[in-house]
Every structure is written in structure tokens, then in C-alpha cells.
Amino acid sequence: MKLALIPLFPLLSFAILILFGRRFGKFAPAVSLAALAGSLALSIHLFLSLLSSSLPAPHLSFTWLSFGGQSLRMGLLADPLSITMCLVITGIGWLIMLYSIGYMHSDPRFSRFFAYLSLFFCAMLTLVLADNFILLYIGWELVGLCSYLLISFWFEKEAAANAGKKAFLTTRVGDLGLLAAILLIAKLTGNLSFTDLSATAAALGRWAPVVAVLIFWGAAGKSAQFPLHVWLPDAMEGPTPVSALIHAATMVAAGVYLVARTMPLFLPNPDALLVVAVLGIITSFFAATVACTQTDLKKVLAYSTLSQLGLMMVGLASGEPFPGMFHLVTHAWFKALLFLGAGSVIHAVHHQEITRMGGLWRPMPVTAATFILGSVAMAGIPPLSGFWSKEEILVAISHSLPAPFLALVFAVSGMTAFYISRAVILTFFGSPKDSHSHPHESPWVMTGPLVVLSVGAVGVGLLGSRWTGHAFQHFLGIQTQAHEGGHTLQQISIAVAGTGILLALARYGFGWQLLPVFARRALSPFYRLIAGKYFVDELYDALLIRPVQTLARKAFSFDAKVVDGAVNGAGSAGLAASRAKRWIDEHWVDGAVNGLGITVGRVGAAFRQLQTGLVQNYLMIAFGSAVVLFLLWKGILR
Amino acid sequence: MPVPLPHVLIVSAGLFAIGFFGVLTRRNTIGILMSIELILNSANLNLVAFSRIWKGTGAEGQMAALLVIGIAAAGAVVGLALVLAIFRHRNTIAADEIRLLKG
């Protein structure tokens, strides 16, 4: 029962805030913070009891529908994987919610924001605790809805409203894949539970690769993998805490979680794993190149999120769920930190262009220090968290995937260090570009979460490192094998990250031009291609959106010309016939009818009083008549 | 122990009465639509309850209830579209101000 309370607390808070939120005024966040703190406490309690005892994971299961001999069971399962996700979601989520109090303080829909956040937490916790595909799918769709509501939270802004629609429709394309996979599993095996997925994989037979790829298709929609990545950068139109919570730390990680959870379905199918690896590395590499060219602080972080999610998928494609999940956890901490730091900066300077910022470390020391910690963690400098999880991914890839993947991951790693250092240098160092504004440090509700998150960004990685004896791996029940070649990989990884940072420092810190003029001129078409985000949006616009619109216009003109023409023709014919009838009418029928008409007119005038035009009066009369008829039938009014 | 049939019927009758009262008294057309949903659901409750009593496969009543749910959703869509159209033309959705059919 304790298990069910984890998602139910936020649901309760949602119900209270959506119905009575306005009455709470500026105390609305207290309700949602208290509810989420309850979920967090329960998650920690379950985590500790899992750590200390060897009992099986808590499992709550009941029959939801019993229908024509079939029954559908619903349930919650708190195994180590789910509990890890719960801790990440509730822990980071609580800090982000606290931060939102400062960020949203003057918003007219203040309480509504916290209501939506609560609904999101309910959905996300349901998703990760679900013990079967159906409940997971319910949570999956609900987080999509919350994402839509929160991206277009400032729906007066057209860009925000459009971004919300785009996110909802694009992820819906992915959801279709997941739904198809679930229906296939239900039809072929009839067992939708997560508890025995290896047997499910065996029962699927030759359909198994199809199901696995369809599941990845769903995961790609939610985790914004190529070619369904287009919604995530646009989603940055939402409030920054939302970007941090939903579009960096938690919801977009749902796809990675889904693949990790259903790993037994992928394992017997190397082809399906290869699809995951290829699309993951494409996303990761392309997004990293785009991030190097963006000048909008949130867009840099958005493309960086795409790149890191791709990296997690490549990690999963090695066939072990651990490296991807580990990177998910560390990424959640440092990326939430980076987004909240960006929010703090945007809150202070009221725009997002890094080319117009500079020298901000002096007025905002806390934001600058925490942001730099997050950046270093993401760049992969030991002993911060990003280093350890990236190393796990590198080792896993070097064991199971072809060499080009390893090379590309190193390239991504170098670019990551480059673009995040570029963002840090342009934002916080150099001289202020804008002498009119007077930025100031954010209030403690915003800087407090930054400090706590930076502690996580520094320390969480250690849980999975060899310095703590691979504690995280043990918790997830994974055997740690001896890492051969790990040291070489580590050294290359540090060297690559260091090179990226130094290049960024030389180019943006000291202002050196790194390439000679002719090389820059030769490469400028590539630069335009990358800065234009590879024109994927434009491609979709030309290939999908415009043809559909053209089709719609064609259908409209068909309707206007052919269908309406037929109707109008029938109308004209009817008119001609009517003219003929009119002659007969006027000369023969009218005399007879007029007499009758006058009589009817008088009777009608009397009944007219009954015709009030109010639909509810009619219903009342009908109801009264029914009662009278009933009484007559029963013989009471005889 | 299963819930006895009369109890379900009483709940259902209550639900019907609340819904019917709402249809008769709400000024807001959307409120009337919501009340109609209550009436439909009271009927669903009856269907499901009777299906458990009746010695069939046990699914007939549930099938009918599912059909009602589906049709209710479609009905709500049409109803809301009508309300929206009325609002665009007349700038009100108060039931007592929509009396175009007055004799």
C-alpha cells in the first residue's frame, strides 16, 4: 500500500490545486512540495529497506478488469531499477519545484503551474513503478500530456503554443510505435507483465525483433532520438524549470528507462540493438555539432540533452542496461543544474542570447560557480559525475560494438567539452556586453536548489565508481566484470575532454582564430548547414506538412466545386418545380387552405404560449407527462 | 461478499436524480452536458449490475456499458461542438438565453 501512495500523493496535490489553487495564492507550492516530499520519503524508505534486506522487491498487484474470461492485472513494482528512477524523479523534482517558486513568482497562473507539475510527478512515478505495459503506457501518455500543458504554459506566446502542439504531435508518432508493440505482445503472448520478459521474448518468436524495434520507436519519440528529435529544441519555449525537469532530467529519460526495462526483449536480437546503436549515435553526434553553433543558452543545453540521450541509447545498445541507466542518473543531476543555472541567468538579464551576455560571474557568483561545476561534470573531468558514467559507456561500447562507434563517442565527448566551455566563457567571463542592465543574484529559493544540485552533480558519479566499490552496480544487482583496457579509455577520454575545453578557451576566452582564413571559407557551407540544425524541420515541412496542407486545400476545392455544385443543381431543379407548383397552389389550393389556415392559426396562437424556446421547460413538461402517464397506468389517477 | 443489487440500484437512482436535476436547473449549457454524462453513467451502473445477476457469459452488460461510454464520448464531442458554435454566434451559453425556437 505504501507503494501506491508514491504516485497518489502528487495526484492528491494536483486535485487540490486544480480545484482550489487560487484560494491558496502564493502558498500553493506548499501543497505540492509537501505531497512530493511524502513521495520522496516513501521512496527513500523503500530504497533503504531494499538495501538492508534480501526480501523480494515490493510488488502490489490486483485485477483491474475481468472481461469475458480474460483478466487484466495492474500493479506496481519497486525493484532497484524503479526505485532508482523514483529517487531521481522525486529528489531532483523537489529541488526544481522549490526553484520554481522563485522563477514563477509573478506569474498570473502561479497555482496552475504547480498543479500541472504535481500531475506530471504522478504520471512519471506511475510510469516508472508500473509492473506491466498497460500501466506504463498510461503513465507514458500522461507525461506527454503534462509536457504539452507545460511547454505551452505561456500560451499567449504563439511560439510556445506552437511548440506545445509540435511536441505533442511528434511524440504521438513515437507513442504509436509503443502502442503497436504492446498490442503485438498482447496478441502473441497475452502476458503484458514485466516480471518475466525473457519468456515473453521467447514466446514472440520471429516477431521479437519487430516488437523490439517498435518499442525503441516509442522510446525514440519520448527521448527525442533522430528522426523524432525535432520537438525537444522547440520545447524550450516553456518555463525554464519545466525544461530542467521534464525536458532534461526526467521525462525525456523515460525512453531510456523503457529500453533498459525491456532489455530482455532486445537481447536475443542483435539487429534491434544495432538499430538502437545507430540511431543513438546519429542523434548524439549531430546534436553535439549543432550545440557548438547555437547562440541561445537554452538551445545549447537542449541540443546537449539530445546528444547525451543519444549517448545513453548507445550505452544501452551494448546489451547491458547499467551504463545507460548510470548516465541517465548522473545526467539528470548535472543537466537539471545547468538548466536551472541558465534559468537564473535568464531571470537576471531577461534574454537568452549568450553573445549579449558576459562577465556575469561578478554579479551572480553562486549561479556562476554552480553552473561551472555542472559544466565540468558534463564535460567529463574526473572525479565529477559525468566522467564515471561516460567511462562506463565507453567500456561497454569497446566490448560489444564496432570500433567506429567508439571513435564517434570520443568525438561527441570532445564536442561536449567544447560547446559547454564556450557557453560558460561567453556567459560568465569576458566583459559585460550590455552596460544598461544591472543583473543581480537570484533569491535563495533559486540558488539553494542550485547548490544542492551541484553537490549531486559532483558526487553522484562516485556511487558507480570503483572508489566506492561499484555500489550502484551492486544495488541494481549487476556483476562487475574486470574492465580490461579501461585505463587507456580513461586517459583518452580525459585528453579529449581537456582538448575540447582548451580549444574553447583559446577561441572564446582569448579570441584567437583557430583556423586559417581559407579553411574557414571552405568550411562555411558546413557551418551554415549545422547552424541551420541540418534543416530537418524544413525537410519535414516540405515532405509532410505542406503536402498534407495541399491535400486539404484540394479536398476543400473539390467540396466547394463538385459537391456543392451537385447540391446547388438539385436546388435549382427543385426551384423550377416549385414555381410550377406555386401556380397551381395560388389558383386552386389556397382558397381551400386559407379557411383551414385561419382556424389552425387561432388554435396555434393558443398553443404558442407553450412554446417558450427554453429547452429545460420542454424537458420538465416531458417529465411531468411521464409521471402522469405512470400514475394512470398504475391506476392511481383513475 | 458481493454488493447486493438493490444497493447498486439505489446509488444508480441517486446518480440519475442528481443528473436529471442538473439538466433541469443548470443555466450553463456545459453544465447540462456534464449532467447528461451523470445520467448515462447511472444507466451504465445498472447495466453492469444486471449483467452480474443475469446468467449469461457475464460480458453482455459490460459490452453495453462500454458501448454507452463510447457513444457518450462521441455525444460529448458533438454537444461541445454545438455549444462552441452557439457561443460563436450568440456570445452566450446560458440555456435560458438560447430561445430561438420561442413561438
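Modeller: Helices are DSSP runs (H or I, at least four residues), numbered from the N terminus. The expected span of a helix is 1.5 Å times one less than its number of residues. Helix α16 of chain A (residues 365-379) has 15 residues and should therefore span 21 Å, which agrees with its end C-alpha atoms being 21 Å apart. This is a predicted model, in which local features need pLDDT of at least 70 and side-chain atom pairs count only at pLDDT 80 or more, while totals for chains, interfaces and linings use all residues. Residues are numbered from 1 along each chain as its sequence is written, with chains lettered from A and ligands numbered from 1 in the order in which they are written.

Colleague: How many residues of α16(A) are buried?

Modeller: A residue is buried if 20 or more other C-beta atoms, placed from the backbone, lie within 10 Å of its own, exposed if 12 or fewer, and partly exposed in between. In α16(A), eleven of the 15 residues are buried, including F371(A) and M378(A). After the helix comes G380(A), with a positive phi near 90°.

Colleague: Which residues other than glycine have a positive phi?

Modeller: Among them are H350(A), at about 65°, and N91(B), near 60°. H350(A) sits in the loop between α15 (321-349) and α16 of chain A, and N91(B) in the segment after α3 (60-90) of chain B.

Colleague: Is H350(A) buried or exposed?

Modeller: H350(A) is exposed, because 9 other C-beta atoms lie within 10 Å. N91(B) is exposed too, with 8.

How values were computed: Helix = DSSP H or I, 4+ residues; strand = E, 2+ residues; numbered from the N terminus.
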